[in-house]
Amino acid sequence: MYKVLIADDHAIVRSGLSFLVNQQANFQVVGEEANGTDTYLRVEQGGINILIMDLSMPPGESGLITTKRIHDHYPDVRILILSMHEEQEYINKSIHNGAMSYVLKSSSDEELLKALKSLSNGENYIDQNIMITKSDIQQINSDGVDVDLEGYNGLSKREKEIFPLIALGYSNKEIASQMFISTKTVEAHKASIIRKLELDSRTELVRYAIHHHLIEF
C-alpha cells in the first residue's frame, strides 16, 4: 500500500484528490497539508511514499523550494507536481529539483492516475499535454549553480524552514510555537540567516525572498 500525502492550499482540491486517490487499489491518503512548510514537516515525520503537491501555496515557501528540500533530504519520497502552471520554466525547474512527475490541473483525472501508476513503478511521468524538447532536457539535467542563491543554499535545514516565516512577518513567538523551539533559538537562527545572506535587515530579507521566488504571498 502506497502512503500518499496531498499538499494544496485549497481544501476542496485536497478533498477531491483524496477521494480520487483512495478509490485506487494500493493507494491510501494518509495526510493533507496546505503549505510548503507544513508539507516538509509532515514528510519529516515519515511514512510517506508519494507526495502530490501544488507549486503555489501562498502564503509561504515556493513549491519549487519545498520540492528541492524534500528531494535532498528524503529522496525516497516520490514527488508528483499537480499545478496550474503550464510555463516550461516551472516544469523544468520542478523536475530538476527532484519531482518525478508533473501533471497539469487542467488535465483529466486519467493523467493523474497514469502518473500515480508510473510513480508506483518507480517511473517518471510527464503530462501528455506537455512537450519536453531537447533544450528542456538540457535545462533539467543542468548542474549549473545559481550564484545568487549560494547564500540560501548554505542555510541549514532548520534555517530554511524558518526563512519563509521570517519573510512573511511572523513574530519570534509565533515561529517558536509553530516550530516547537524556544524564542531564543529563533533569534539565533534569524541572526545566522541574516549573516549568511549578508543582509542588514528583515526588509532586505523580504526583498531577497521575493526576488528569488523563495516565497509566495
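**View 1. The largest nonpolar core of this predicted model has 24 residues.** A nonpolar core here is a set of buried Ala, Val, Leu, Ile, Met, Phe, Trp, Tyr and Cys residues joined through side-chain atoms within 4.5 Å; buried means under 20% relative accessible area, with a 1.4 Å probe and protein chains only. Tyr-152, Phe-163, Ile-193, Leu-205, Tyr-208 and Leu-214 have the most contacts inside this core. Helices H8 (157-167), H9 (172-179), H10 (183-196) and H11 (202-211) each give two or more residues to it, and H8 has the largest share, with five. Helices are DSSP runs (H or I, at least four residues), numbered from the N terminus.

**View 2. Here's Leu-205 with the residues it touches.** Leaving out residues up to four places away in sequence, Leu-205 meets Phe-163, Ile-166, Ala-167, Ile-193, Ile-194 and Leu-199. Contact means heavy atoms within 4.5 Å.

**View 3. A second, separate core has 21 residues.** Among them are Ala-7, Val-43, Met-57 and Ile-70.

**View 4. Helix H9 has buried residues along one face.** Ile-175, Ala-176 and Met-179 are the buried ones. Looking down the axis of H9, they fall within an arc of 100°, so they line one face of the helix; the arc is taken from the directions from the helix axis to the C-beta atoms. Their cover includes H2 (36-45), H8 and H10. On the other side of H9, Lys-173 and Ser-177 are exposed, meaning over 50% relative accessible area.

**Notes.** Residues are numbered from 1 along each chain as its sequence is written, and side-chain values use heavy atoms, leaving out hydrogens and water. Because this is a predicted model, local features need pLDDT of at least 70 and side-chain atom pairs count only at pLDDT 80 or more, while totals for chains, interfaces and linings use all residues.
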